[in-house]
Amino acid sequence: MSEPLRIRVQRQGEGAEIRILMPHPMENGLRRDDAGKLVAVHYIQTFTLKQNDRPLISGQLNTSVSRNPLFVFKARQIKSGDTLSVHWTDNKGAARQDAIKVE
Amino acid sequence: MQPLRRTFLRGSAASLLLPLLGTGLLRPGAVQAAPWQRDAFSATSTGAGLKALNIPLLSETRDIIVNAPEIAENGAKVDIEISSNLPNTRSLLLFADKNPLPLCAELEFGDNALPYAKIQIKLAESMRIRAVARTADGKNHVAFRDIKVTLSGC
């Protein structure tokens, strides 16, 4: 089971800055473990950030995104009571979704 | 009776979809979760990646601002901040030219999102990165940034 996503919203007037931490190994398949064996490639391929049920950002990622990456996005018209949700899928078929309510 | 009923059903199926046209569900500009673009992400050069994405021509612009450290001590986590001042920017792409797989990310923006992103990537060595913005008129724009890497991130 993967670790929960962390979503933080900082409202700036009518808009907001949205910070998303996606805990994930993001292995590029080139790294060797302590025993010298190559670690299998394992990374997030797609994610969607939604405001209520409307997509704000839809992203596709590659192995070159850092381990446990932090993303920052900006949006307008983020209101108190809105639900912000993030859903990702990785190359091994795993998926995870977490959501927060804007205060 | 039966043929008439079929006609009625066919007609109603089409008219059921019509109201969706106004709601944004069938609107061309809406962000949809597209399938991961394997060809572009497995390209081993920026040129091949651009080709796989069907981006033939890029005009260099000062309206895409790429912020990144001049010297990155740890190539495993380099903060890249991209923002586009081009009107109707629909998506941003980030390439790290000398990484084994240069295309790092593609981000599509919905109506309420600003064409801005901060993202953390691995860099194999000192190199030039490029941010590509695709605008609603179908044009593609690019901005570059050089980053020196002290410790490889790959």
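How many bridges join strand S4 of chain A to S6(B), and do the strands run parallel or antiparallel? Five bridges join them, and the two strands run antiparallel. S4 of chain A covers residues 54-61. Within this pairing, A:Ile57 stands opposite B:Phe109 of S6(B). The model is predicted.

**The interface**

The contact between the chains involves 36 residues of chain B and 33 residues of chain A. In chain B, three residues lose the most area to chain A: B:Trp36, B:Asn112 and B:Lys122. Together they account for 26% of what that side buries. The size of an interface is often given as the accessible area lost when the parts come together. Here the two chains bury about 2,800 Å² between them. Carbon and sulfur atoms carry 48% of that area.

Polar links also cross between the chains. There are 26 residue pairs in polar contact between chain B and chain A, counting pairs with both residues at pLDDT 80 or more. Three elements of chain B give two or more residues to the side that touches chain A: helix H2 (38-41), strand S6 (103-109) and strand S7 (116-121). S6(B) supplies the largest share of that side, with seven residues. By class, the side of chain B that touches chain A has 22 nonpolar, six polar and eight charged residues.

One salt bridge is found across the interface. It links A:Arg54 to B:Asp111, and their closest N and O atoms are 3.4 Å apart.

The table collects interface values.

| Item | Value |
|---|---|
| Buried area, chain B and chain A | about 2,800 Å² |
| Salt bridge A:Arg54 to B:Asp111, closest N and O atoms | 3.4 Å |

**A histidine in chain A**

A:His42 sits in the loop between strand S2 (15-21) and strand S3 (44-51) of chain A. Is A:His42 buried or exposed? A:His42 has a relative accessible area of 17%, so this residue is buried. Beyond its neighbours within four places in sequence, A:His42 is in contact with A:His24, A:Pro25, A:Met26 and A:Glu27, and also with A:Asp90, A:Asn91 and A:Lys92.

**Chain B as a whole**

Chain B has three helices and nine strands. Along the sequence, the pattern is α-α-α-β-β-β-β-β-β-β-β-β. Of the 154 residues in chain B, 42% are buried. Among contacts in chain B with a separation of 6 or more, 65% are between residues 24 or more positions apart.

Definitions and conventions
Residues are numbered from 1 along each chain as its sequence is written. Chains are lettered from A and ligands numbered from 1 in the order in which they are written. This is a predicted model: local features need pLDDT of at least 70, side-chain atom pairs count only at pLDDT 80 or more; totals for chains, interfaces and linings use all residues. Side-chain values use heavy atoms; hydrogens and water are left out. Contact means heavy atoms within 4.5 Å. Buried area is the accessible area (1.4 Å probe) that two parts lose on being put together, summed over both. A salt bridge is a side-chain nitrogen of Lys or Arg within 4 Å of a carboxyl oxygen of Asp or Glu. A polar contact is a pair of N or O atoms within 3.5 Å; within protein, one must be able to donate a hydrogen and the other to accept it, and residues adjacent in sequence count only if both atoms are side-chain atoms. Helices (H or I, at least four residues) and strands (E, at least two) are DSSP runs, numbered from the N terminus. Ala, Val, Leu, Ile, Met, Phe, Trp, Tyr, Cys and Pro count as nonpolar, Asp, Glu, Lys and Arg as charged, and the others, Gly among them, as polar. Two strands pair if DSSP finds at least two bridges between them. Buried means under 20% relative accessible area, exposed over 50%, partly exposed in between (1.4 Å probe, protein chains only).
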